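Subject: Handover of a structure and findings

Dear colleague,

Please find the sequence and structure below. My findings follow directly after them.

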Amino acid sequence: MSEATTPTKMAEQQPSGTATKDPLSKEGEAATGTNQNDDDNSDKAGNTSISNDNGDDDEEQQRQQEQQREGTADEFRDEHEDEEDDENHDETQALSQSNNSSNDNSNNINNNNNESSSRRWWWFRCALPDEAPTLYGHALLEGPFAVKWLKFVGVTLLGICFMHWFIRQMNWEHRQNYTLQQFYTYESTMTVVDATVFFTVARLHRQRGVDHVAFLIVLFAATFYASYVTTFSFLQHSFTLYEMHCRWPPALWIFVAILIPLIVTIILWHVRYAVRTGVFVSKFMELVLAVVLLVAPYATSPYLHLHHWYVGWLAGMHANFDVWWSRATLAWCWGLYINGIAVYGRDPVLTCGYTLFLSKAQGCPYLDCYMDGLANPPEQIDNQTH
């Protein structure tokens, strides 16, 4: 029977260079390894849980950061929009201020120009304002139209009264026994009607009032001229077919030959201005209507006589452009009208034919003698008396 091997002998039998392993130590090492693995696993699990927690925290932080960025972007956009609105508002205010300043400057320039032009062209300054006067806050007239019309009618009536007196003081040609009382009773109303039609067609409401020196000088120059030329014997003739064919002297024809080119030149200026301003067709139609309504009814009558008051009234109303030479033409023609009324009265264009028509239409009793004279000519009366 073999001898049992003891641990001591086994230890002795092993080589000296070989380490001896204790089973207990192996178990301890295994337990230790297991414990270490458990610790490692628990550490890993803890790290995993920590990493997960950290990931959630990071995601939450990222969301918060994104929200902060979005909020910041929104605030930035709002601030930017507010800044843009403020800038636009500032630019608008700056532009409005610049416009106001430019308008103020232009107004100041215009005022300075108006003041300088008023000082320089003082003869265009109206004696009375064109705006409607007021009394205790109430307008006495309805706007500048009524004011300008009233001033025009006033200048006309005062001009007729003055020229009526002046011409008789100068003993120039005039109708005898024609008084201002007769004018007031029989012809003043038709004169106001003539002035109203002239004022409307001539568009005087679009121009400055007629109560300024430039207009009045031309107007009264025409009234004086129309009476002064009667002191020349060759000009003491009427503008009728009979007078032209039978009684006009050569000097009168020379005078007309000089006058006609001047009149044609003024007409051509008006035509050229109408073409340039694009109103030629309307002005031409206006002239045609005036001829049809105001001239054609008289054309066939043997009693037709173109009084110079009528010529000035009819021609002057069509010189209605707001330029100096057209205004001067208008003032000259209206001066002829005033002269004709002041010197001879507002005689009818059809002269005796019109007065006879009115006398018959009204059954005037003084026509009985006239009718008796037609029924019994003077030769027959003389035969009966002898």
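W309 and Y310 are both buried, that is, under 20% relative accessible area, with exposed meaning over 50% and partly exposed in between (1.4 Å probe, protein chains only). Please note that this is a predicted model, in which local features need pLDDT of at least 70 and side-chain atom pairs count only at pLDDT 80 or more, while totals for chains, interfaces and linings use all residues. Residues are numbered from 1 along each chain as its sequence is written, and side-chain values use heavy atoms, leaving out hydrogens and water.

Aromatic pairs

The whole structure holds 24 aromatic pairs. Rings of Phe, Tyr and Trp (its six-membered ring) pair if their centres lie within 6.5 Å; planes under 30 degrees apart are stacked, those over 60 edge-to-face and the rest tilted. F280 and F284 form a stacked pair, 6.2 Å centre to centre with 20 degrees between the planes. These two residues are separated by about one helical turn because they lie four residues apart in helix α8 (residues 280-294). Helices here are DSSP runs (H or I, at least four residues), numbered from the N terminus. F280 counts as partly exposed at 36% relative accessibility, and F284 is likewise partly exposed at 45%. W309 and Y310, by contrast, form an edge-to-face pair, 5.7 Å centre to centre with 85 degrees between the planes. Both belong to a cluster linked by ring pairs, which joins F145, F152, F198, F199, Y298, W309, Y310, W313, W334 and Y337.

H318 lies in the loop between α10 (308-316) and α11. H318 is buried, with a relative accessible area of 19%. Leaving aside neighbours within four places in sequence, H318 is in contact (heavy atoms within 4.5 Å) with V201, H270, E286, L287 and A290.

Packing of α5 and α11

Helix α5 (residues 213-228) packs against helix α11 (residues 324-344) at an angle of about 45 degrees, with the axes 7 Å apart. Axes are lines fitted to C-alpha atoms over the stretch in contact, and angles run from 0 to 180 degrees between N-to-C directions. The angle makes α5 oblique to α11, since angles under 35 degrees count as roughly parallel, over 145 as roughly antiparallel, 65 to 115 as roughly perpendicular and the rest as oblique. The contact includes F215, V218 and L219 of α5 and A328, L330 and W334 of α11.

Yours sincerely
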